[in-house]
Structures are given as structure tokens and as C-alpha cells.
Amino acid sequence: MSIIKPRKKKILEAVIRDYISTAEPVGSRTLSRRYDLGVSPATIRNEMSDLEEMGYLMQPHTSSGRIPTQKAYRYYVDEIMQIKKLAETMRRDIHRGYLQAGQEIDTAVNHTANVLSQLTNYTAVVLAPRVSRFNCKHLQIVPLIRNRVLVVMVTVEGIARNLEVTLSSDVDDTMALRMSNVLNSILKNVAFQDFGTDLIDKIGDLKPMERKLLDELIPMIRDALLESETDVTASGFKNLLNYPEFNDVDKIKNLVDVVEAKPLLAKVMINGAEKKDENNRVIHVTIGDENDNQHLKEFSIITSTYEREGVPMGAFGVIGPTRMNYSQVSSILDAIREELNTSIMKLLK
């Protein structure tokens with residue numbers, strides 16, 4: 001990152017703030033009139049010309065003002081932006097919303113997506129907790145029809161998941177009870193992601209049919225929970241239609257395609273490097289071309305994680321134009337992260 005002298009830095013910040021607010025190219029006279037920069041329009045114009053040569057500004061048309069480049073937004077996020085505490089009234093409203101959101105993990109996830117899209121006016125995405133990392137407390141197999149069974153799984157942390165599977169042979173009540181007892185004897189307090197058929201070797205008195213069915217069932221349970229780690233809730237697609245950058249509906253369709261490909265979006269949210277500031281708040285900003293996915297290069301993504309006892313459980317964030325209000329959005333994510341962490345602790349205590 002190149003070093004920008006204080007005056008240029010102040011002018012660049014003013015250009016970015018103005019363009020975020022208006023979506024209109026910014027001229028030197030506009031900056032002189034709207035911001036107390038302490039220099040003449042001619043000096044501002046010269047500094048803006050230098051910033052353009054440095055790659056931080058560009059001129060869409062010969063006779064127009066300048067707009068920030070993605071390099072400018074990156075500099076702003078890394079060197080200028082501050083994550084400030086939200087107004088107390090907004091923080092109280094967020095807190096009240098989580099109190100009313102109910103006592104279920106899934107409800108908290110849906111509430112987070114909705115409130116985040118409302119507060120930012122961007123598209124919000126929330127990645128559900130990664131249940132496979134939790135430890136098994138109890139499993140119960142319930143026979144449905146013939147070889148179709150329902151597996152009820154409860155984690156030590158109190159999260160429940162149901163899974164319907166089809167086995168190769170019929171399962172009656174007696175067999176279901178026997179399999180439930182066997183699974184609970186070997187899988188209790190084992191992380192779901194560590195489920196493997198080698199655990200069955202610990203049981204010495206299994207009948208051939210019981211072993212056959214358990215050999216089928218255990219991988220199904222593990223794979224289903226691993227797949228659930230790509231469960232993404234999204235809200236606020238229509239919000240992006242309010243921005244002139246997305247008058248081209250195809251861009252919104254591209255975003256919808258990415259969100260619907262849940263494993264892809266989950267990877268985008270999880271694999272981003274975490275950035276911690278001096279207050280240990282976690283935030284990650286990906287701007288335009290920094291996104292690996294071609295369909296996301298028109299967007300910026302700001303994400304954070306929610307945790308339980310310091311262990312990340314999932315992620316949440318917003319997708320919007322590169323002309324995003326990075327500071328405000330980061331402050332909102334910071335406040336929501338605090339409330340979501342508190343809610344998770346209460347729900348999983």
C-alpha cells in the first residue's frame with residue numbers, strides 16, 4: 001500500500017464519502033463547498049489529479065469529476081475507516097429484537113438476516129451453525145415406512161437436527177431401538193464430524209444385519225451434517241435494486257445464482273481471512289475484483305463471525321455495491337455480532 005500524504009488522504013476520504021452518498025462523480029468545487037479541506041478548489045483539483053495518477057481515482061468521462069477506484073476503497077477500509085459504536089437508541093432496538101426473536105437457533109439466524117438487511121439496506125447472508133463440530137448427546141432412530149427411518153440427533157449444546165434416510169432393509173421397532181442403543185453407546189460425546197464406521201468395531205456382539213445397517217447409517221449422518229454447514233439464509237435481494245449500479249437486472253440475477261449455490265457462498269464466507277482490530281473485533285471486507293467468483297466482482301462483501309466461548313460457529317454479513325458505506329456497515333455488524341454471540345451463549349448454555 002503506497003503512502004499518501006495527509007492532505008491527499010483527507011481529499012481522498014472526502015471523495016469517497018461524497019461518492020458513497022451521491023453516486024455522482026465528484027469535482028473539486030463540490031469538495032471545496034461541502035468539506036472544510038482548508039485549500040482552494042485549484043489545489044484540490046491538482047491533488048485529485050495526483051490521486052488519479054496513483055490509481056486511487058478515475059474519471060468516467062473527460063468533462064466529469066472523479067470517482068474512487070477499488071484501490072481507493074481498499075485504502076479507505078485499511079487506513080482510514082473507523083468502526084464506531086452505534087447510537088444507543090439503535091443498539092437498544094437491536095437488543096430488543098434479539099430478546100423477542102425466540103429461543104431457537106434457527107430463529108436467531110433468520111432474525112439476524114432480516115434485521116441486517118433492514119439496517120444496511122443491502123443483501124444480508126447468514127451461515128447457520130456448523131453442527132458437525134458439536135458433540136453428540138443423544139441419537140434416536142424412529143421407524144417410518146419399511147426401510148425409511150427418521151434419525152433424531154441432539155448435540156451436547158442443545159441443537160436438534162432430524163434426518164430422514166432410506167436403508168437397504170426394513171427396520172421395525174425392535175431393530176430401531178437396538179440400533180439407537182448401539183449408536184448412543186459408541187457416539188456419545190463424539191463430534192459429529194468424527195463419525196466413522198470404525199467406531200462400530202468397538203461393539204463386539206452385533207448381528208450381521210445390525211452391522212450392515214449401521215455401516216450405512218453412520219456415514220449418512222456425518223455427510224448430512226457436513227452438508228448442512230452450507231445452509232445459508234439470505235434476505236434483502238430487492239434492496240440492491242435501489243442502487244444505480246444495479247439497474248442491470250442481470251447483475252442481481254448473478255448474485256441470486258451465487259446465493260442459491262449455497263456451498264459456494266458458504267465457502268466465500270468461511271474462507272475469507274479474518275481481520276482483528278485493536279479491540280479484537282473481527283471484520284472481513286472483500287472488494288470487487290478481490291472476490292474469486294466472477295459473479296461477485298461487481299460487489300463488496302463484509303462479513304463477521306459469531307462464536308461460542310471463542311470458537312467460531314458460523315458467519316454473517318452483507319453483500320452490496322463497491323460504493324458501500326463500509327464504516328456504517330462495519331459498525332452495524334459489530335453490534336449485531338455482540339448480540340448474536342450473547343444469544344448463542346444463552347441458547348446453548
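Visitor: How many helices and strands does the secondary structure of the protein come to?
Guide: The model is a predicted one. Its secondary structure comes to eleven helices and eleven strands.

Visitor: What radius of gyration does the protein have, against that of a compact globule of 349 residues?
Guide: A compact globule of 349 residues would come near 20 Å. The C-alpha atoms here fill a box of roughly 90 × 40 × 35 Å along the principal axes. The radius of gyration of the protein is 26 Å.

Visitor: Which residues of H9 are buried, and how wide is the arc they fall within?
Guide: Buried means under 20% relative accessible area. In H9 the buried residues are Ile-252, Leu-255, Val-258 and Val-259. Seen down the helix axis, these buried residues line one face, because they fall within an arc of 115 degrees.

Visitor: How far apart are the end C-alpha atoms of helix H9?
Guide: Helix H9 covers residues 249-260, twelve residues. At 1.5 Å a residue the helix should span 16 Å. That agrees with the distance between its end C-alpha atoms, 17 Å.

Visitor: Which element gives the largest share of the lining of the largest cavity?
Guide: The largest cavity has a volume of about 30 Å³, and its lining consists of Arg-91, Ile-94, Ala-335, Glu-338 and Glu-339. Helix H5 (88-99) and helix H11 (326-347) are the elements that give two or more residues to this lining. The largest share, three residues, comes from H11.

Visitor: How many residues of that lining are charged?
Guide: Two residues of the lining of the largest cavity are nonpolar and none is polar. The charged residues number three.

Terms used: Residues are numbered from 1 along each chain as its sequence is written. This is a predicted model: local features need pLDDT of at least 70, side-chain atom pairs count only at pLDDT 80 or more; totals for chains, interfaces and linings use all residues. Side-chain values use heavy atoms; hydrogens and water are left out. On a 1 Å grid over the protein atoms alone, a cavity is a set of points where a 1.4 Å probe fits but cannot get out, and a pocket is an open set with protein on both sides within 12 Å along at least five of seven lines; lining residues have an atom within 4 Å of a point. Grid points are joined across faces, edges and corners, and a volume is the space filled by probe spheres set on the points. Helices (H or I, at least four residues) and strands (E, at least two) are DSSP runs, numbered from the N terminus. Ala, Val, Leu, Ile, Met, Phe, Trp, Tyr, Cys and Pro count as nonpolar, Asp, Glu, Lys and Arg as charged, and the others, Gly among them, as polar. The expected span of a helix is 1.5 Å times one less than its number of residues. Buried means under 20% relative accessible area, exposed over 50%, partly exposed in between (1.4 Å probe, protein chains only). The arc is that of the directions from the helix axis to the C-beta atoms. The radius of gyration is taken over C-alpha atoms; the globule rule is 2.2 Å times the number of residues to the power 0.38.
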